[in-house]
Amino acid sequence: AVGMRYFAGSVASVVAVYAMVLWYQSRDHFPIRFDRVRRVHCYLSFLVSGPAIVALTEPKIEKQHPWQAWLYIAIAVLAWWPTFRAFGGRESTVGRRRPVLSERQRDWLSLLAVFGVWAAYAVFFSTLAITHHHGFGTRTVDLGLYSNIFFLSSRGEPLACTLMAGGTHASAHFDPILVILSPIYRLWPNAEFLLTLQSVWCGAGAVAAYLIGRDQLGSRVAGIIWAVAYALHPALHGANMYEFHSLTLLFSPLLFALYFLLAGKLRLYLLMLPLLLLIREDVPLLLCFVGGYAIIAGKPGYARAGWITIVVSVAYFVIVKTWFMPSGDIFNQGPESYGYAYYYKDMIPTGWGARDLIITLLTNPAFVASVVTKLAKLHYLLVIFVPLLFLPAFAGRARLMLVYGLVFIFLASRTAVFSPHFQYSAVLLPIAIALAPVGLRLLRDVGPRDRSFTVAVMGCVLVASLLVSWKFGGIVENDSFRGGYSRVHRTLTEAKREQYEGFIELTRVIEADASVSV
């Protein structure tokens, strides 16, 4: 393979660099002392990532040989570990001299950097999403449906949709957040508004990620790295670029709610609950696990907040299913509804719904294991957790909050659910982003780990995020990334531009009050 040749050639180059450095150091002492070799290796180990990074440039490696790509990413990240530890362990002279900036100034500078990350994300993905739309990469399902919902909701018909059963989106989902946002739609009544809104909304999560990283690790730099890691994450890009979905709006509010909860700002956390509940009818199920963590956290006031979360969430779910949606079934099965039991058809072979799923879980663990460990799901697991170095796995009791997302995604049969190119990552990724700094803090606190350990982990998170985003994300063009089912149109050819302009000319001849069927 071309990648292996690249790898072998660059390894030879790295060996040559090591040999030259060691030869230079051995001029006054031969044979070479082992401690000197180790010291040299610590500072030069990052060079070993070069061969792996060069190998990753092999065309289409992320699509044709994804497991090979993951191997190279792992080698590159591990190669940086000794270097980050070496530089992180060096004695700092910053504390010996008077800081140039005050604490307040450094806070403002950090926030400015984070808001810069948010702005860059919002501008880039708004532009990319609109270009993709103008290239006819979007469809009636789902951008057309949501455009219709916003149009009608902004004119006094909440969640109405002329393209769905019963003339309402409640036959599929109950998402009042769309009604609240719909008045803004009247300022720019086009699909482009939804694509821009979604990008700006998702990008705001970078601020919450910064606050969590800074609060948990006591470092503004750590907070900025978490913000960047969030903005670089392929699963966020995939959800953002798959047209428009109410579930995608969960990313940022959930991260802010988790920041308030983890920081002990329980009143602000409880104030976030109504917003989260309004996003979609199944969000209460996720919040029950968040509330469960609060109950077992063992911190003052948390148990009360946890019980409030669970009681309010369950009550809201029951009320919505009883009075606002035509189906009261947990999978939305019914003659006037769009059911979702087929998402889990392997786990629900007889179609009984939730009861059948539970029976399968309890009586056939070997089959459940075969469903969970499919290669596509393992790939998805790596996409989600490698940029975070699997740190959420060390977050202690807070790991309970991951359970709903893991069950929701890994028991599914429908491939879209366990793909990083769809909106379903919204039930897992925000919690993983929030728990990663918690996991790092707990790892640091349980043993004699010095500052160099934290620096090394943070550095490797940044390297892993950059590499995974490069090969599987949406910022740099690659052969893996999709916006839902289709490749993203990054630029418009002359033919596509003429096609779009011709389409716009056609829409101008349609009278404003006309009904149109396509």
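This is a predicted model: local features need pLDDT of at least 70, side-chain atom pairs count only at pLDDT 80 or more; totals for chains, interfaces and linings use all residues.
1. Ground rules. Local features need pLDDT of at least 70 and side-chain atom pairs count only at pLDDT 80 or more, while totals for chains, interfaces and linings use all residues. Residues are numbered from 1 along each chain as its sequence is written, and side-chain values use heavy atoms, with hydrogens and water left out.

2. Buried here is under 20% relative accessible area, exposed is over 50%, and partly exposed is in between (1.4 Å probe, protein chains only). Helices (H or I, at least four residues) are DSSP runs numbered from the N terminus.

3. Around Leu250. Leaving aside residues up to four places away in sequence, Leu250 touches Leu276, Ile279, Val283, Leu286, Ala426 and Val427; a contact is heavy atoms within 4.5 Å.

4. Helix α7. Most of α7 (residues 140-153) is covered, with 10 of its 14 residues buried. That buried set includes Asp142, Tyr146, Asn148 and Phe150. Among the elements covering them are α6 (103-134), α8 (177-185) and α9 (191-203).

5. His169. This histidine is in the loop between α7 and α8, and counts as buried because its relative accessible area is 3%. Not counting residues up to four places away in sequence, His169 touches Tyr146, Ile149, Leu159, Cys161, Met164 and Asp175.

Terms used. Helices (H or I, at least four residues) and strands (E, at least two) are DSSP runs, numbered from the N terminus.
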